[in-house]
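Open the model in your viewer and get ready to select residues as we go. Each stop says what to pick and what you will find there.

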Amino acid sequence: MSRVYNFSAGPAVLPESVLREAADEMLDYRGTGMSVMEMSHRSAAYQAIIDQAEADLRTLMGIPANYKVLFMQGGASQQFAMVPMNLMKNRVADYIITGQWAKKAWQEAAMYGQANAVASSADKTFSYIPDCSDLPISENADYVYICENNTIYGTKFHTLPNTKGKDLVSDVSSCFLSEPVDVTRYGMLYGGVQKNIGPAGVVIAIIREDLIREDVLPGTPTMLRYKTHADNGSMYNTPPAYGIYICGKVFQWLLDMGGLEEMRRRNVEKAKVLYDFLDASTLFHGTVVKKDRSLMNVPFVTGSKETDAAFVAEAAEAGFVNLKGHRTVGGMRASIYNAMPLEGVKKLVAFMDDFEKRRK
């Protein structure tokens, strides 16, 4: 069977060249006589892999020297607890609720201190990003928290909130490496890699060094302290070694492609193809306020559950898979991450156009 066009929100499509290279190295990684999957994380060969991965990520994002890069496990959801455990010194933090993941992070933080919801778009099913230019930021807030790109609802912060001097913590899981970013505008940003970078099982956190402290909340487990991972070069315990290896290959692929400016250009081009079709269609409709649309996740509906189901089924038969929307939204969602080629989006739009004509 030939490869399908995979529009999954995560685990998601990976660059084919990366998969082929990993396949070539599966039984013998560069003369070691073993797979990276079998390799000791304490070996010189593996140390070189993780060091190169970090160096390439720093190059891609322009990460300053006073920020640590941590490769950890537990996914983004574990960070919902790690962030307050490590950063909630005053036991106060402000959260901007723009979707399910920000809401879950806010609920988790409330277990450790005062978590204030200073803005929300829940009133319109998270279909927009609230105005964050003049929020009621708490004077003693340790940080302000956002989920920058909302995978389920297809919204994106195109302008970062005015945190009034407080550190910004951002979950960037579904927009990680999709465009250039000024790391210095964040105290911390983190993301699960299974959407735009690698296989599930790795979370990457980029944290300013002064936020990595000894004085975490009492009872914080050793494994949930950023200092533990920072002091041990992400090697306190066995890291998700093979996942990091694949991430490293994706970083190299991105560099070979021309870096994040080139990825933004490609992603804008891909998204425009799909959004232009949705805006002109009489059957399919986007669900997000135009100015807040994500480049990565595009939800859309027909207005009929039966028609939605028929479209998803017919699309899958035609080789366009994982287009069913999240259960909380319904309809459809096309996730068009870095590794989704322009050709895939164009072919999807052609299929949607044909489906619409057949329904008239």
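This is a predicted model: local features need pLDDT of at least 70, side-chain atom pairs count only at pLDDT 80 or more; totals for chains, interfaces and linings use all residues.

Select the strands in the order β2-β10-β9-β8-β5-β3-β4. These seven strands form an open sheet, and their pairing is mixed. In general, strands of a sheet pair through backbone hydrogen bonds, in either a parallel or an antiparallel way.

Which strands sit at the edges? Color β2 (67–72) and β4 (114–120). Each of these edge strands pairs on one side only. Now look along the sheet: the twist averages 20° from one strand to the next.

Zoom in on one pair. Select strand β3, residues 92–97, together with β4. They pair in the parallel sense, over six bridges. Click Ala93: it stands opposite Ala115 in β4.

Select helix α3, residues 75–87. Helix α3 packs on the sheet. It touches β2, β3, β5 (143–147), β8 (167–171), β9 (188–192) and β10 (203–208). The direction of α3 makes about 155° with that of β9.

Now select helix α4, residues 100–109. Which strands does α4 lie across? They are β3, β4 and β5. Helix α4 runs at about 160° to β3.

Time for side chains. How many salt bridges does the model have? The count comes to 28. Here are some to visit.

Is Arg208 buried or exposed? Arg208 counts as buried, because its relative accessibility is 17% and the cut-off for buried is under 20%.

Move to Arg213 and Asp215. This salt bridge has its closest N and O atoms 3.2 Å apart. Arg213 is buried, at 18% relative accessibility. Asp215 is partly exposed, at 38%.

Now select helix α9, residues 342–359. Find Glu343 and Lys347, which both lie in this helix. They are four residues apart, about one turn of the helix. Glu343 forms a salt bridge with Lys347, and the closest N and O atoms are 3.5 Å apart. Glu343 is partly exposed, at 43% relative accessibility. Lys347 is partly exposed too, with a relative accessible area of 40%.

For the last stop, select Glu21, Glu25, Arg30 and Lys249. What links these four residues? A network of salt bridges does.

How values were computed. Residues are numbered from 1 along each chain as its sequence is written. Side-chain values use heavy atoms; hydrogens and water are left out. A salt bridge is a side-chain nitrogen of Lys or Arg within 4 Å of a carboxyl oxygen of Asp or Glu. Buried means under 20% relative accessible area, exposed over 50%, partly exposed in between (1.4 Å probe, protein chains only). Helices (H or I, at least four residues) and strands (E, at least two) are DSSP runs, numbered from the N terminus. Two strands pair if DSSP finds at least two bridges between them. Axes are lines fitted to C-alpha atoms, for helices over the stretch in contact, and angles run from 0 to 180 degrees between N-to-C directions. Contact means heavy atoms within 4.5 Å.
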